[in-house]
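Trainee: I have a model open and would like to go through it with you. Where should we begin?

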Amino acid sequence: MDIVTSEFFQRALIGGVLIGITAPLMGLFLVLRRLSMIGDTLAHVSIAGVALGFLIGVYPVAMGLIFALAATFAIEKLRKAYKTYAELSIAIIMSGGVALASLLFTMGKGFNVSVSGYLFGSIYTLDSVDLILIGVVTVVVLLAVALHAKELFLLTFDEDAAAVSGLPTRYFNFMISVLTALVISVSIKIVGALLVSALLTIPAACSLIIARSFRQSVVTVVVIAELAVTIGLLVAGVWNLAPGGTIVMLLIVFLLLLLSIRRKFSAG
């Protein structure tokens, strides 16, 4: 267990714990609003930004963040253009993100190994700059949710009623998208772009099984994510496994256990 005292592991644990708060929290809002695929979309677009960052010599996470924010603007514009088929905007942006990432990969063959860390996660390589960025995003997300808890609750469960009551739904929709983009951009180095949607959605799926109120759901998603992150990092460190994949597989195990328990109680 010497790995626990290692500096790189402690940085990984701090980063993982912070993301374990923000990612499932934003994921809960997306899942309850049936927009869970936005996480996948922004993650794929972020990878295109990361690839461009390596190509032009700019901090990759920063470029991923810029691309994710740009994708957020584009999704909102397309959702207005296709009001009846709002999910089409997500499919279009995801396709564009994957296509652009593949083009940038072929242009910079020398950095493909580096980019793969962002695809599957490289939490053990977190440095001080990464932790500061993750910490800032965590504070921003928690402040936004705390200050606008009532508005976000109403928007999540009845957007029409929120609009009728005078709530600026466009502003809050955009705020949720921007916060999600921030979280995903700093998460991809921890669990990877291909796995980040699991951290957004699976804790929310677990909360739908056991939580009986919105407040319980908020607590449940964070607790489940933190358990998966801390246990996953310890298991991955001891057994030399991929940390991101271990965390996601633990989340899936938690979900299956909860489904099994609910089935037994229902049967009984």
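Mentor: With a term: contact means heavy atoms within 4.5 Å. Please also keep in mind that this is a predicted model.

Trainee: Then which residues is Met 26 in contact with, leaving aside its neighbours within four places in sequence?

Mentor: Met 26 touches Val 141, Ile 176, Leu 179, Thr 180 and Val 183, once neighbours within four places in sequence are left aside. Met 26 itself is found in helix H1.

Trainee: Is Met 26 buried or exposed?

Mentor: Met 26 counts as buried, because its relative accessibility is 1% and the cut-off for buried is under 20%.

Trainee: How far apart are Met 26 and Ser 177, in sequence and in space?

Mentor: In sequence, 151 residues separate Met 26 and Ser 177, while their C-alpha atoms are 9.0 Å apart in space.

Trainee: Val 141 came up as a contact of Met 26. Which residues of H6 are buried?

Mentor: Val 141 is one of them, and the others are Asp 130, Leu 131, Ile 134, Gly 135, Val 137, Thr 138, Ala 144 and Val 145.

Trainee: What covers the buried residues of H6?

Mentor: The cover includes H1, H3, H7 and helix H9, which runs over residues 169–187.

Trainee: What is found at the start of H6?

Mentor: There, a side-chain oxygen of Asp 127 comes to within 3.1 Å of the backbone nitrogen of Val 129.

Trainee: And what span should H6 have, at 1.5 Å a residue?

Mentor: The 20 residues of H6 should span 28 Å, and the end C-alpha atoms are 28 Å apart, so the two agree.

Trainee: What about the span of H3?

Mentor: Helix H3 covers residues 60–81, and its 22 residues should span 32 Å; the distance between its end C-alpha atoms is 31 Å, which agrees. Buried residues in H3 include Pro 60, Met 63, Phe 67, Ile 75, Glu 76 and Arg 79.

Trainee: Changing topic: where does Arg 33 lie?

Mentor: Arg 33 is in the loop between helix H1 (7–32) and helix H2 (37–56). Its relative accessibility is 13%, so Arg 33 counts as buried.

Trainee: Which side chain does a polar contact join to that of Arg 33?

Mentor: That of Asn 173, at 2.3 Å. Leaving aside neighbours within four places in sequence, Arg 33 is also in contact with Leu 155, Thr 156, Glu 159 and Ile 176.

Trainee: And Arg 34, buried or exposed?

Mentor: Arg 34 is exposed, with 75% relative accessible area. Arg 34 is placed in the loop between H1 and H2, and has a positive phi of about 60 degrees without being a glycine.

Trainee: What is the phi of Asn 240?

Mentor: Asn 240 is not a glycine either, yet its phi is positive, at about 60 degrees. Asn 240 sits in the loop between helix H11 (214–239) and helix H12 (243–267), and counts as exposed at 71% relative accessibility.

Trainee: One last topic. How much space lies in the second largest pocket?

Mentor: About 210 Å³. Its lining takes at least two residues from each of H1, helix H6 (128–147), helix H7 (149–157) and H11.

Trainee: What classes of residue form the lining of that second largest pocket?

Mentor: The lining has 10 nonpolar, no polar and 2 charged residues. Among the lining residues are Leu 25, Phe 29, Val 145, Lys 150, Phe 153, Phe 214 and Arg 215.

Conventions: Residues are numbered from 1 along each chain as its sequence is written. This is a predicted model: local features need pLDDT of at least 70, side-chain atom pairs count only at pLDDT 80 or more; totals for chains, interfaces and linings use all residues. Side-chain values use heavy atoms; hydrogens and water are left out. Helices (H or I, at least four residues) and strands (E, at least two) are DSSP runs, numbered from the N terminus. The expected span of a helix is 1.5 Å times one less than its number of residues. Buried means under 20% relative accessible area, exposed over 50%, partly exposed in between (1.4 Å probe, protein chains only). A polar contact is a pair of N or O atoms within 3.5 Å; within protein, one must be able to donate a hydrogen and the other to accept it, and residues adjacent in sequence count only if both atoms are side-chain atoms. On a 1 Å grid over the protein atoms alone, a cavity is a set of points where a 1.4 Å probe fits but cannot get out, and a pocket is an open set with protein on both sides within 12 Å along at least five of seven lines; lining residues have an atom within 4 Å of a point. Grid points are joined across faces, edges and corners, and a volume is the space filled by probe spheres set on the points. Ala, Val, Leu, Ile, Met, Phe, Trp, Tyr, Cys and Pro count as nonpolar, Asp, Glu, Lys and Arg as charged, and the others, Gly among them, as polar.
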